[in-house]
Amino acid sequence: MGCDGGTIPKRHELVKGPKKAVKVDKNAELAAKWKYCALSQEKLRRPIVSCELGRLYNKDAIIEYLLDKTAERPNSEAVTHIRGIKDIKELNLTDNPEWQGERSNTKGDRYEDMHCGMFICPVVGLEMNGKHRFCYLQTCGCVFSDRALKEVKTEICHKCGDPFSQDNLVVLNGTKEEVEKLRGKMEERRVKAKTKKSKKSKNVETVSAASGSKEAALEVNGDESVPNGIESSTAAVAGPSGSSSSSKLKPPSSSSSSSSAAATATAAAAASAIKRSVQEMEGKSEAFKSLFTTHSSAKRTKDQTSNWVTHTPYHF
């Protein structure tokens, strides 16, 4: 074929065939999902949160995203379904006692297990490294392996004791089919929440309208009763011309006259109680009464009064 060195090219060197699919390292893919934040691509560190689709995030990264959604981020598509802090749940994780960190083998003189996870299941003890299926509860945020939930069937959380149902389970880093199911459940919950809010707002509006109508009726009744009282009071007060002013006013009714008489009696009693002097109290001694200016010893005579021209001060 004309090569100088006498080499003969093979077919795969001359004919370009279809490109082979690039194989992704499974270990690297699992580490990216279970050890790094889905939004910031930083290493997971406490506090760790998860959304309704089961993805893992650093809480500070989610808060920064919610504060400024206009900023450009590499994986902003992964958090478009998160509207607020209520759409995420802080996870209650159990630390792995065998986890020593990624920099424990700095010298390279010993074996380093790449599948060792930072967290484990508190019931079975399986490591949360992606090889086993894990779920978390939306009620309390505790994380368990799927094996533990199947072996120990209960409706109470194994770690904190809070009750839960099967609808509260969310799979962490599930498959595409599981993510689609979780997305459908999320949309259903949001629709139900909107309907509940609309019903509550309608109930509040009806209650406020009913209370407003009652207040208006009470105000109308009060306005009707006020003129009667005014007529009775004006009828009871005589004008400067005596009978001429009373003859111009309408005669009050019996109920209004009795109510006005009771009101004047109570007012007079209150006024007399207020104007009662200390000197008229029977149970008080003269020494106590002499402390007040209403006592006879404190009253000035005509000689002690000041002149209207000189206005001498009152010194005794």
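Visitor: Which residue of S2 is the bridge partner of Ile48?

Guide: Asn58 is the bridge partner of Ile48. This is a predicted model, in which local features need pLDDT of at least 70, side-chain atom pairs count only at pLDDT 80 or more, and totals for chains, interfaces and linings use all residues. Residues are numbered from 1 along each chain as its sequence is written, and side-chain values use heavy atoms, with hydrogens and water left out.

Visitor: What makes S1 and S2 a pair?

Guide: Pairing takes at least two bridges found by DSSP. Strand S1 (residues 48–50) and S2 have three bridges, in the antiparallel sense. Strands here are DSSP runs of E, at least two residues; helices are runs of H or I, at least four; both are numbered from the N terminus.

Visitor: Why do S2 and S3 stand at the edges?

Guide: The open sheet runs in the order S2-S1-S3. Strand S2 (56–58) and strand S3 (89–90) each have a single partner strand, so one side of each lacks a neighbour in the sheet.

Visitor: Why is Glu52 called buried?

Guide: Buried means under 20% relative accessible area, exposed over 50%, partly exposed in between (1.4 Å probe, protein chains only). Glu52 has 14%, so it counts as buried. Glu52 lies in the loop between S1 and S2. Leaving aside neighbours within four places in sequence, Glu52 has contacts (heavy atoms within 4.5 Å) that include Asp87, Tyr136 and Arg189.

Visitor: How many aromatic pairs does the structure hold?

Guide: Two. Rings of Phe, Tyr and Trp (its six-membered ring) pair if their centres lie within 6.5 Å; planes under 30 degrees apart are stacked, over 60 edge-to-face, the rest tilted.

Visitor: Why is the pair of Trp34 and Phe134 called edge-to-face?

Guide: The ring centres of Trp34 and Phe134 are 6.4 Å apart and the planes stand at 65°, so the pair is edge-to-face. Trp34 is in helix H2 (residues 26–34) and Phe134 in strand S6 (residues 134–137), 100 residues apart. Trp34 is buried at 6%, and Phe134 is buried at 0%.

Visitor: What makes Phe288 and Phe292 an edge-to-face pair?

Guide: Their centres are 5.3 Å apart, with 70° between the planes. Phe288, at 31%, is partly exposed. Phe292, at 32%, is partly exposed.

Visitor: How do you know that the charged end of Lys284 sits over the ring of Phe288?

Guide: The rule asks for NZ of Lys or CZ of Arg within 6 Å of the ring centre and within 35 degrees of the ring normal. The charged end of Lys284 is 5.2 Å from the centre of the Phe288 ring, and counts as sitting over it.
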